[in-house]
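Me: I would like to learn how to read a protein model. Could you take me through one, feature by feature?

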Amino acid sequence: WDRAGLFHKLAGSLNIAGYSILSAKAISREDDIAIDTFYVKPSEQKSRSVGDATMIFEECVKDALIAQSDLYPVLQNIMKKASEDIFYKNANPLAETFQTHVEIVQDQDLNRTILEIQAPDHLGLLYSIANCVFHHGFEITFARINTERGIGIDTLYLESADPEKKINDETLDILRKKILETITKESR
């Protein structure tokens with residue numbers, strides 16, 4: 001069933017288990033069911049068997065959803081090790097020079113708040129974005145995530161986690177700035 005923070009907890013658990021997320025589709029239905037599909041590949045830093053990775057993923061999901069464990073410290077350590085690995089450096093010149101772009105718009109016609117991000121891909125990018133969204137009081141009701149040639153191209157539909165709280169431009173600008181700051185800092 002759907003719950004606040006589900007998407008970022010699943011993304012983080014996949015990263016900890018040793019997977020890079022290539023693309024994802026997520027939908028939250030009106031009956032509180034979440035349908036999240038992740039397309040993954042083993043990350044270059046991890047050489048685990050599928051069985052081991054599955055076990056680690058299941059344990060991370062249990063810890064994150066049931067025990068409410070914070071995955072960020074573990075992921076931060078993995079991202080730090082990946083960034084220091086001289087054999088893992090991105091050799092794609094497009095990704096190295098690509099300017100990160102974060103935009104949030106309120107589409108009145110669709111009655112949606114849409115977050116669009118284009119950024120050089122790195123381990124934990126999706127987790128970092130979804131974690132910022134969660135911690136700023138929003139829920140992801142739809143996500144379309146794609147990674148091509150080392151660039152993450154993500155579209156997320158957002159709703160306020162508190163139905164009584166109205167979304168305003170100031171709140172969205174704070175979220176936009178925090179996402180930009182977080183993913184820019186982590187890609188270094």
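Me: Is Asp-173 buried, partly exposed or exposed?

Reply: Buried means under 20% relative accessible area, exposed means over 50%, and partly exposed is in between, using a 1.4 Å probe and protein chains only. Asp-173 has a relative accessible area of 30%, so Asp-173 is partly exposed. Before we go on, please note that this is a predicted model, where local features need pLDDT of at least 70 and side-chain atom pairs count only at pLDDT 80 or more, while totals for chains, interfaces and linings use all residues. Residues are numbered from 1 along each chain as its sequence is written, and side-chain values use heavy atoms, with hydrogens and water left out.

Me: Thanks! Which residues form salt bridges with Asp-173?

Reply: A salt bridge is a side-chain nitrogen of Lys or Arg within 4 Å of a carboxyl oxygen of Asp or Glu. Here Asp-173 pairs with Arg-176, with 3.4 Å between the closest N and O atoms. Asp-173 also meets Lys-177, at 3.2 Å from N to O. At 24% relative accessibility, Arg-176 is partly exposed, and Lys-177 is partly exposed too, at 47%.

Me: Where do Lys-177 and Asp-173 lie?

Reply: Helices are DSSP runs of H or I with at least four residues, strands are runs of E with at least two, and both are numbered from the N terminus. Lys-177 and Asp-173 lie in helix 6, 4 residues apart, which is about one turn of the helix. Asp-173 and Arg-176 are 3 residues apart in helix 6 (residues 169-186), so about one helical turn separates them.

Me: Which residue forms a salt bridge with Glu-181?

Reply: That is Lys-178, with the closest N and O atoms 3.5 Å apart. Glu-181 and Lys-178 are 3 residues apart in helix 6, so they too are separated by about one helical turn. Glu-181 is partly exposed at 45% relative accessibility, and Lys-178 is partly exposed at 32%. The whole structure holds 5 salt bridges.

Me: Let's step back. How many helices and strands does the chain have?

Reply: The chain has 6 helices and 6 strands. Along the sequence they follow the pattern α-β-β-α-α-α-β-β-α-β-β-α.

Me: What does the radius of gyration tell me about this chain?

Reply: The radius is taken over C-alpha atoms, and the globule rule is 2.2 Å times the number of residues to the power 0.38. For 188 residues, a compact globule would have a value near 16 Å, and this chain has 16 Å, so the two agree. Along the principal axes, the C-alpha atoms fill a box of roughly 45 × 40 × 25 Å. Of the 188 residues, 40% count as buried.

Me: How many aromatic pairs are there?

Reply: Rings of Phe, Tyr and Trp (its six-membered ring) pair if their centres lie within 6.5 Å; planes under 30 degrees apart count as stacked, over 60 as edge-to-face and the rest as tilted. This structure holds 3 aromatic pairs. One of them joins Phe-7 and Phe-38, with centres 5.5 Å apart and planes at 25°, so the pair is stacked. Phe-7 is in helix 1 (residues 6-16) and Phe-38 is in strand 2, 31 residues apart, so to speak linking distant parts of the chain. Both Phe-7 and Phe-38 are buried. Phe-142 and Tyr-157 form a tilted pair, 4.8 Å centre to centre with 40° between the planes. Phe-142 in strand 5 (residues 138-148) and Tyr-157 in strand 6 (residues 151-160) are 15 residues apart.

Me: Which charged residue sits over the ring of Trp-1?

Reply: A charge sits over a ring if NZ of Lys or CZ of Arg is within 6 Å of the ring centre and within 35 degrees of the ring normal. Here the charged end of Arg-3 sits over the Trp-1 ring, 3.7 Å from its centre.

Me: Where is Gln-68?

Reply: Gln-68 is in the loop between helix 2 (50-65) and helix 3 (72-84). Its phi is near 60°, a positive value in a residue other than glycine. With a relative accessible area of 53%, Gln-68 is exposed.
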